[in-house]
Amino acid sequence: MAARELCDLTATELGAKLRAGDVSSAEITESCLRRIGDVEERVKAYLTPTGDLAREQAGRADERRAGGDASPVAGIPAAVKDVLATKGIRTTCGSKILESYVPPYDCTAWARLSAAGSVLLGKTNCDEFAMGSSNENSAFGPVHNPWNLDTVPGGSSGGSAAAVAAGEAVWALGTDTGGSVRQPAALCGVVGLKPTYGLVSRYGLIAFASSLDTVGTFTRSVRDAAKLLAAVAGKDPMDATSLDQTVRDYAADIDGGVTGLRIGVVTEAFGEGVQPGVKASVRAAVDRLANMGARVGEVSLPHADYALSAYYLIAPSEASSNLARYDGVRYGLRVDGRDSVEMMARTRDAGFGPEVKRRIMLGTYALSAGYYEAYYGQAQKVRTLIIRDYEAAFADFDVLVSPTSPTTAFRIGERTGDPLAMYLSDVFTIPANLAGVPAISIPSGLDEAGLPVGLQLTAPVLAEPLLLRAAHALEQEIAFVTRPRLLEALR
Amino acid sequence: MPVEIDIDHVARLARLDLSDDEKDRLRAELAVILEHAAKVGEVAASDVPPTAYAIPRANVLRPDEPSPSLAREDALANAPEAEDQRFRVPPIVEVE
């Protein structure tokens, strides 16, 4: 087995080494850049690498640390999904329409990391405007899963997930509107956290579906997720939906274990369409939870079946409105026309890819006169029913468990011809977005093909400390250390 | 039952200058997706209130204090076309 290098360690391990003076941020950053040099040509996780900036930031982080700065994110090299605006650094959203867009401001999540001394390795590839479950909807080509380069990394934050899995970043930011952090985390064998809606400011998260969009984290451990969340969370005057951060240290209770915790296994998440290897791995983890002293029982989310339908009306409806801003006037692509309307329509046809057009059309239709009540209106009512399902489930259980996605990584090209089949990848992750509750995906093992399986834990609104505690306990018990095949072949 | 869509009308509303091929494909795809999505009508009864935001917030106010905003040159830096410190666009209204 190839030796683990600095770029393969967790941020917690690296933080300890930095504090002890054993390594510098410059050395960690060089290790990541070397790994990028070794594998990026095959993985294609990055759209805009920022190596020079990373070296400069690492040098500054080392100076700050010498001066006594002890922030857990200082000097740790990170990757940021390309739907998060970064001042002076090209931000494309994986779209031709923003191919040369350079934001004049930072999103709040990155602004906070940057102010704390974080190091930016680059902007990661993603499905166009975060619409997709395989990263194949990027206008700049697909990302390849480090576990098997012929398979997808999941999406939409596929580049962030693959970068963390391959050691091309220590941790990363992504966004999760219907599963876009958790599903790629599952397919790439890393930890993916979607916090409570509003816990992390959406300012500078280029909007897809505003009532569902969240900023989430990709890490190699649950403890790292707690640290990265703490660094980005909290009220922001620039986002009226942002929530006060009542907790400052998300890792404080993380060693509390699961003894006595009531854990509900979601019945609907083990039905047809779920691969046997996924079911077996998640079931085995549930048995571990019982052996660890958790009180495990079955729980039903009876309206889960309707969540996918509601999501594919609500998200496209909001998207059709949000994406109206790409009109060829203030930023992005322009294709000329005789008048403004023709210019806009030509610009949008040339600049958007097939999936984005599909969702704009779907949303425009669902919101149009005569159809609004039957589609968007009804979907909003289903959203109420989903929230009630969770309220009932959390009356009996502290944390819910299910697979993160029905399948492990699928082959590139396998589902591109069938939008509905692709949408089914998110069937277990979408309900948490509709209800605003936090959820996390951790690796539970490998399937028979040697691909990682993700297990999802879900907790009530703002119960991140409990969620992270349960996830950490299970993570320790599973002790998932297998590394992507790609890395085993290095040197 | 597959849903019939006036694709030209929707494309016009969405300001998308779709090709005929795109229209044909979208007409077929949206019909299938909407048929599936119409399931929301099966369960959502009239006594269920709609939810727009899972964590509702109303009237979020802040003190009305002036603060610096984006500099004009920064705001125009990404514009496809600018003139006299303004965004330049093709004609909006026809001139006789």
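This is a predicted model: local features need pLDDT of at least 70, side-chain atom pairs count only at pLDDT 80 or more; totals for chains, interfaces and linings use all residues.

Tutor: Two strands are taken as paired if DSSP finds at least two bridges between them.

In chain A, eleven strands make up an open sheet, with the order E1-E3-E2-E4-E6-E5-E10-E11-E9-E7-E8 and mixed pairing. The edges are held by strand E1 (46–49) and strand E8 (295–299) of chain A; each has a single partner strand, so one side of each is left without a neighbour in the sheet. With direction ignored, neighbouring strands are turned by 30 degrees against each other on average.

In general, strands of a sheet pair through backbone hydrogen bonds, either parallel or antiparallel. An antiparallel case is provided by strand E5 (residues 191–194) and strand E6 (residues 214–219) of chain A, joined by three bridges.

Helix H8 (residues 276–291) of chain A touches strand E7 (262–266), E8, strand E9 (399–403), strand E10 (439–446) and strand E11 (452–458) of chain A, and the direction of H8(A) makes about 50 degrees with that of E11(A). H12(A) also packs on the sheet, where E7, E8 and E9 of chain A are touched, and the direction of H12(A) makes about 140 degrees with that of E7(A).

A parallel case is found in E7(A) and E8(A), which are joined by five bridges. Here Val265(A) has Glu298(A), in E8(A), as its bridge partner.

Between them, 25 residues of domain 1 of chain A are in contact with 23 residues of domain 2 of chain A. On the domain 1 side of this contact, H13 and H14 of chain A each supply at least two residues, and H14(A) gives the most, with three residues. By class, that side has 16 nonpolar, seven polar and two charged residues.

The other partner is chain B: 57 residues of chain A are in contact with 45 residues of chain B. Elements of chain A that each supply at least two residues to the side touching chain B include helix H9 (304–322), helix H10 (340–351), helix H11 (354–367), helix H12 (373–396), helix H13 (419–423) and helix H14 (430–435). H12(A), which also packs on the sheet, contributes the largest share of that side, twelve residues. The residues of chain A on that side comprise 30 nonpolar, 16 polar and eleven charged.

Chain B itself has four helices and two strands, which follow one another along the sequence as α-α-α-α-β-β. Its radius of gyration is 23 Å, well over the 12 Å that the globule rule gives for 96 residues, so chain B is more spread out than a compact globule. Taken along the principal axes, the C-alpha atoms of chain B fill a box of roughly 55 × 45 × 30 Å.

Definitions and conventions. Residues are numbered from 1 along each chain as its sequence is written. Chains are lettered from A and ligands numbered from 1 in the order in which they are written. Two residues are in contact if their C-beta atoms, placed from the backbone, lie within 7 Å. Ala, Val, Leu, Ile, Met, Phe, Trp, Tyr, Cys and Pro count as nonpolar, Asp, Glu, Lys and Arg as charged, and the others, Gly among them, as polar. Axes are lines fitted to C-alpha atoms, for helices over the stretch in contact, and angles run from 0 to 180 degrees between N-to-C directions. The radius of gyration is taken over C-alpha atoms; the globule rule is 2.2 Å times the number of residues to the power 0.38.
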